[in-house]
Amino acid sequence: MKKTNLIALFLLITLLSYSQKGKIQGRVYNEKNNEPLEFATIRIEGTLVGSTTDPEGNFLFTGIDPGFVRLIVSYVGFETTTSAEIQVQGNQTTFIDLAVPESSSLINEVVIRPHVNLKKIESPVSFATVGVKEIEKAAGVNRDVSKVLQTLPGVGATDPNRNDLIVRGGGPSENVFYLDGIEIPIINHFATQGSSGGAVGVINPDFVREINFYTGAFPANRPHALSSVMDIRQKDGSRDRIHTKLAVGASDAAFTMDGPLGEQSTFIVSARQSYLQLLFKLIGLPFLPTYNDFQVKYKVQLDPKNELMLIGIGAIDHMTLNTGLQETGTEAQKYLLNYLPVYEQWNYAVGTVYKHFSDRFFDTWVLSRNMLRNNNYKYTDNEESQPKISDYRSDEAENKLRFERSYPHLPVKILLGAGVTYSHYTNATNRKAFVNGSLTDLIYHTDLNLWAYRVFIQVSDTYLNDRLSLSLGVNTIANNYNRNMGNPLNQLSPRLSASYRISDQWELNGNIGRYAMRPAYTTLGFKDAAGNYVNKNEQLKHILSHQAITGLEFRPTDATRFNLEGFYKQYANYPLSVTEGISIAGKGADYGQTGDEEILSTGRGRAYGLEFSGKLIAWRKLNSTLTYTLFKSEFTDREGTYRPSNWDTRHLLNLISSYRLPRNWNVSMRWRFVGGAPYSPIDMEHSTRKAAWSATNQAYIDYKNYNTLRLDDSHQLDLRLDKEFYYHKWMLNLYADVQNAYHSQSENPPIFTNRDTGGQVMDDPANPQEKQLLREIETYSGTVLPTLGIIVKF
C-alpha cells in the first residue's frame, strides 16, 4: 500500500509540473575600471544563442532550457572571456556579472579561436575549475565541495568517511582555502587541528559559483601552500526578489535565503542542521557526530568605482560516543570505543573585502578574523563518574589585513601586495604519556602571541602574437617566533610559469617554483611538563617545497580535451617527530589534533608522478571524465631513509559520467580505484606493556619498520538519479544517491585488542602484573549507503 501511494504521489507531481524556461541576466564590465562594455557580444557556449549588451553593459537571455551553461563574451580590444558555469532553472532568473580584461595586444577586431581556454596566465598547469554541475549532480558526493575535488587528477582521499585532501602525495596540512578572497583555515566539520581534513564540508553548496583549484604553480599572492590552493567564488544574491531554498540530503537539512536589500545591494544567508548521528548509528559506527553551520554574504555597489562585501561562516560540532555498542557491538567497534574521545569544536571566519577601481589600476583590501576552539576528552571506561585520562582544549585566533594592487596595462601585467597577521594561540593539555619506559602525566598551558607578514609580486605578459605566455612571481613570509623564521630571505619563494600555444589544438605548459609554509600552531605552542616551549629554538624552520611541472594539452574539438602532466616535489625542513623518529607528514588524517609534540626541522620528502585526464563535454547531453594518476610519495625517517608516506597508494583512477535525459531527468555515476595504502606493523614489546597501553588504549606502531606493509587495492561505484519539476513560482528537485552500489569491501590495517572474546583483559602468564597478551582483529570497510534528497526553491 505504501509503495502504491508513493508511486501515485510521484505521478501526481509529474502531471502537475509543466515545461518552464529560465532567464539569464547580468552585466558585462571592464575588469580594470568597472565601466560597462556597450555592445559586447555574448553567446551561450555550444549553441548559436547570442545577444549584445546595452549602453549600461546589461544583457538578458529569455526562453533558456533548464540546465548548466557557460557564457562567452567577446569585444574588440578585450580578451575573449568564459563565465563560470551557471545553473538555469525553469521560471527562475539566474544573475551573473562578467568582468572582462583588456587585451595585452593591440587589436582592431574580435579574435575568435576554436577553443576557449579557462587557464590563468599565472598557473597554466595544475589548475582546474569546478562548476556548479559537478557539485550539484555528481554521484557519491552529496553536494560536498571537498568530496567533489577528490575526483580531480592527483587528488586522493584517506577514508570514504572523511574529507582530507591528499594532493600529489603531500599531507592534508599542505592546503590553503580562500572564500571570495578571504583566507579561511577550516572548510570541514570536526576539523583536525594542525591539518585541514574533517568529516563533512562546512561550505554550503548553494553559495558556490565556482571553485578554482590549484595543485601546483601557485600564484604569488597565495602563500603557505605546498600541495593545493582552493579558491571558492560565491554567488551574489538574486536582484529580482527574495528566494527561499530548502534542502534535505544525506546528512543535513538546509535553509537558504537570498535577494536584494536595495537597488545596489544583495544578500545570501543560510543555516544547516545535521542528523548525521542518526545515519552513523544506523550503520553501526562507534561515534555519533552532530553539527550546525551558518553562512552569509552581503554585497553592495557603493558607486561605480567602489564595491564592498561582508562575508561570514561558522560551525558548531559535537561528537559523542555510541556507548550502546560497548555491550552489543563487534570487537572492532568496542576497540574504537576504548580509545576514541568525545569531541567538541566550534569555529568561525568573518571578513570584509573592499575593491576600488580606477583607470590605471584596481585595489583590493581584505580584513578578516577567524577562530577555532578544539576540545576533546576521554573518561576511563567511558564513564563520566571515572577520572579523565585525557583532556585537551585549544584556541587558535587570527586577525589578518591584506592589500593587493593590480596594474593590468603597464608594458607588463603586475600584481603586488602585502599582508600582516596577528595570531593568538592557547592550549591546555592534560594527558597520559608513556615516556622512557614509564607512565607520566603531560600537563601544560600555552599562551602564545605571534606576528607574521607576507609580501608578493607577480609579473605576467604574452609574446609572439599571444602564443607565448610568461609569468614570474615571488613572495616571502616571516614571523617573530624565532630568528630563523623571522628572516624573510629564508622563505624567499620565486616561481616561473610558461605556456606556448603550438597550434589551436596543442599547448605546452610548465612551471618551476619554490614554496614555503609555517609549521602548525600546535607545534609552535607545544610545551614540556616543566612549561618550556620545546620547539622554540633556531632549529624550527618553515617547511619548503621545490616543485617542477610540465604539461601537454590537446583540444581536438569543443567537446573533447586531453591533458598529460608530470610533476616532481622535493621537500626540505619537514617536521620530524623526535619521539617516533618519522616525519609528521603521515599525520593529520584523523580526528583531534596533530603536531603537538617535539619536532626537528630535519625531515626531507619527495613526491613525483604522472597525471592524465580526458574529458567529453556536453556531447549529445553526455559528460564524461577519466582521470588517472601514477605517483610515489615518501619522506625520510630519523636515519635519513626514505619511507613511503601514508598516502603512497601509487594509483588513483576515476571514471565520472553524467547524462541529461528528457523531461529534466539526470543520471550520473562515479567509479573509483585506489591502490593499496602502506601501513606499519605494531611494536609488540611496547604494546604488551600494560602501563604503555593504558595511556592510549591502542597498540604502538613499530617505527623501525614504518610502512613496510601494504593493503589491498580498493574500488567503489556510486550512482545518482535526479528529477526536477518546475511550477509557476517554485521548483522541486528529487534525487536518489547510492554510494558503494555493489558493496565493495576494502581492507583496513589490522587492529589489536588486549581482551579475549568475553571482554576480559588477557594477562601474560609469565608476568601478569606488567604484561598482557594481544589478539589481532581483521577489519574491512564498505557499506552500501543509499540517500534520498529533496530540494525546494521558492
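Visitor: Is Phe59 buried or exposed?
Guide: This is a predicted model, and in it Phe59 has a relative accessible area of 4%. Buried means under 20% relative accessible area, so Phe59 falls into the class called buried.

Visitor: What kind of aromatic pair do Phe59 and Phe61 form?
Guide: Phe61, at 3% relative accessibility, also counts as buried. The centres of Phe59 and Phe61 lie 6.0 Å apart, and the angle between the planes is 65°. Since planes over 60 degrees apart count as edge-to-face, the pair of Phe59 and Phe61 is edge-to-face.

Visitor: How are the rings of Tyr568 and Tyr608 arranged, stacked or edge-to-face?
Guide: The ring centres of Tyr568 and Tyr608 are 5.8 Å apart, with the planes at 20°. The cut-off for a stacked pair is under 30 degrees, so the rings of Tyr568 and Tyr608 are stacked.

Visitor: How many residues apart in sequence are the parts that the pair of Tyr568 and Tyr608 ties together?
Guide: Tyr568, with 36% relative accessibility, is partly exposed, and Tyr608, with a relative accessible area of 30%, is partly exposed as well. Tyr568 belongs to strand E33 (residues 560–577), whereas Tyr608 belongs to strand E34 (residues 599–619), so the pair links parts whose separation in sequence, in residues, is 40.

Visitor: Which residue lies over the face of Tyr642?
Guide: A charge counts as over a ring when, among other conditions, CZ of Arg is within 6 Å of the ring centre. Over the face of Tyr642, at 3.7 Å from the ring centre, lies Arg606.

Visitor: Which residue in E3 stands opposite Arg43?
Guide: Strand E2 (residues 41–44) pairs with E3 in the antiparallel sense, over three bridges. The residue of E3 that stands opposite Arg43 is Gly50.

Visitor: Which side chain is joined to that of Glu553 by a polar contact of 3.3 Å?
Guide: Glu553 has its place in strand E32 (residues 543–557), and with a relative accessible area of 6% Glu553 is buried. The polar contact of 3.3 Å runs from the side chain of Glu553 to that of Arg555.

Notes. Residues are numbered from 1 along each chain as its sequence is written. This is a predicted model: local features need pLDDT of at least 70, side-chain atom pairs count only at pLDDT 80 or more; totals for chains, interfaces and linings use all residues. Side-chain values use heavy atoms; hydrogens and water are left out. Rings of Phe, Tyr and Trp (its six-membered ring) pair if their centres lie within 6.5 Å; planes under 30 degrees apart count as stacked, over 60 as edge-to-face and the rest as tilted. Buried means under 20% relative accessible area, exposed over 50%, partly exposed in between (1.4 Å probe, protein chains only). Helices (H or I, at least four residues) and strands (E, at least two) are DSSP runs, numbered from the N terminus. A charge sits over a ring if NZ of Lys or CZ of Arg is within 6 Å of the ring centre and within 35 degrees of the ring normal. Two strands pair if DSSP finds at least two bridges between them. A polar contact is a pair of N or O atoms within 3.5 Å; within protein, one must be able to donate a hydrogen and the other to accept it, and residues adjacent in sequence count only if both atoms are side-chain atoms.
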